Amino acid sequence: LATEKVSITSLEAVIVDLPTIREHKLAMTTMQRQTLVILRLRCEDGIEGLGEATTIGGLAYGDQSPETIKLALDHYIAPLVTGMDARSVNAVMAHVGKSVQGNALAKSALETALLDAQGKRLGVPVHALLGGAVRNALPVLWTLASGDSARDIAEAKEMLEVRRHNVFKLKIGKRAPLEDVAHVAAIKAALGDRAQLTVDINQAWSEAIATRHIPDLVDAGVMLIEQPIIRSNRRGMARLTQRFEVPMMADEGVQNAVDAFDYAADGACSVIALKIAKSGGPLATMRTATVAHAAGIGCYGGTLLEGTIGSIASAHVFAACENLEWGTELFGPLLVKDDIVVERATVNNFELAVPNLPGLGVSIDEDKLAFYRRDR
Ligand code: MUC
Ligand code: MG
């Protein structure tokens, strides 16, 4: 009977190491591989829900690593949720929230897996559980971060040629500001009007350096500036947002709906980067988007470079988010050489199609999972 409880029977968190297609150089780390935490949530009715929690560079990007995510899931979250009704997603998340502070990434994997299971149970895609999609395909940009201007230009030209991406995000902040500005200008000059450019400084600049060099980036043709200064300096973000016409996007500064409220109240950004990992799951991300919407702030579909499971989970959210004005960066599945799913996410004609199958619409390739899992 549909009214009967469906107990959660077990949680399994698996750490997976995947090689990247090239080095990915960010202000805080250089990635040679990507580590995913895949969550398998099993239920009494035989349905399995999938989730993913992934970060960048161990503890370099945030305060949760793959190993601590697995520990939180195995030792703290699994005992709390085992035996609860898998269909009551809000009740499960509220129960976990009472006993587990922070740990948004582990919570995101759990909430994703619950929604995947519930979608499979009801025969509807996850976006339908979020109120329904307002678009069925998402624009996806590509991040140029090889660390070498000539290589980045060749990569971008290739992406334009095959009609995969025509918006590029440049990761800067590692080198001296003037070197970064020259790098950005060289790429824009080589690509011209065929491509749009954004930059992500990942908090690496001081407010003074940002004030000095944002005009240079604008002159070079950058259309959006992401998180130039440290996340704690919300007032500094407000000053930059008010000073410059170029849109200022908050990423690390806005983790969840509460941060979105504070940023909106202070006028501290003009765009918010949503990430299911930061907010703690698809439903939690919808709440962040709702606060942004209420404040008249446009959203951007961000990534922590998840593989297919986490990126498709994000795609369901971004498809359902009305104020997604700035496209997405769900290119994580394309940065890794291989993945642990049967059908990997792909981008064609600059877009990612949002699945319409029950749940996330993604299934695990057991052989690949067995091959790439760290504990094999
Ligand atoms: C971030 O800070 O936006 C997104 C793209 C990329 O290369 O890294 C991420 C994280
Ligand atoms: Mg960012």
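## A meeting of strands

L36 stands opposite T54 in β3, and on its other pairing L36 in β2 faces V16. Helices (H or I, at least four residues) and strands (E, at least two) are DSSP runs, numbered from the N terminus. The model is predicted: local features need pLDDT of at least 70, side-chain atom pairs count only at pLDDT 80 or more, and totals for chains, interfaces and linings use all residues. Residues are numbered from 1 along each chain as its sequence is written, while chains are lettered from A and ligands numbered from 1 in the order in which they are written.

β1 and β2 are antiparallel partners, held by 13 bridges; two strands count as paired if DSSP finds at least two bridges between them. A hairpin with 4 residues between its strands is formed by β1 and β2. β2 also runs antiparallel to β3, with 7 bridges joining them. The hairpin of β2 and β3 has 4 residues between the strands, and here G46 takes a positive phi near 90°.

## Two domains side by side

Step back, and the protein is divided into domain 1 (8–123 + 365–372) and domain 2 (129–353), with bounds that come from an automatic or database domain assignment. The centres of the two domains, taken over C-alpha atoms, are 23 Å apart.

Where they touch, 36 residues of domain 1 are in contact with 35 residues of domain 2; contact means that the C-beta atoms, placed from the backbone, lie within 7 Å. On the domain 1 side, the elements giving two or more residues are β1 (8–25), β2 (30–43), β3 (48–54), α2 (89–99), α3 (104–122) and α14 (366–372). That side has 19 nonpolar, 9 polar and 8 charged residues. In this count Ala, Val, Leu, Ile, Met, Phe, Trp, Tyr, Cys and Pro are nonpolar, Asp, Glu, Lys and Arg are charged, and the others, Gly among them, are polar.

## A parallel sheet

Now for another sheet. Its 7 strands are parallel and form an open sheet in the order β5-β6-β7-β8-β9-β10-β11. At the edges are β5 (142–144) and β11 (298–301), each pairing on one side only. From one strand to the next, the twist averages 30°.

Inside this sheet, β6 (residues 167–171) and β7 (residues 196–200) run parallel and share 5 bridges. L170 has V199 as its bridge partner in β7. Helix α6 (residues 177–191) lies across β5, β6, β7 and β8 (222–226), at about 165° to β7. Axes are lines fitted to C-alpha atoms, for helices over the stretch in contact, and angles run from 0 to 180 degrees between N-to-C directions.

## Around the ligand

Which residues surround ligand 1? They are L26, I56, T143, A145, K171, D200, N202, D251, G302, T303, L305 and E329, where near means a C-beta atom, placed from the backbone, within 6 Å. This shell has 4 nonpolar, 4 polar and 4 charged residues.

In an unreviewed entry, UniProt lists K171 and E329 for "active site". They span 159 residues in sequence, yet no two of their C-alpha atoms are more than 12.8 Å apart, so they gather at one spot. K171 has its place in strand β6.

The unreviewed entry in UniProt also lists residues 150–247 for "domain: Mandelate racemase/muconate lactonizing enzyme C-terminal". That span is 52% helix and 15% strand, with its end C-alpha atoms 27 Å apart. UniProt positions follow the numbering used here, feature names are shortened, and annotations may be inferred rather than shown by experiment.

Notes. Contact = placed C-beta atoms within 7 Å.
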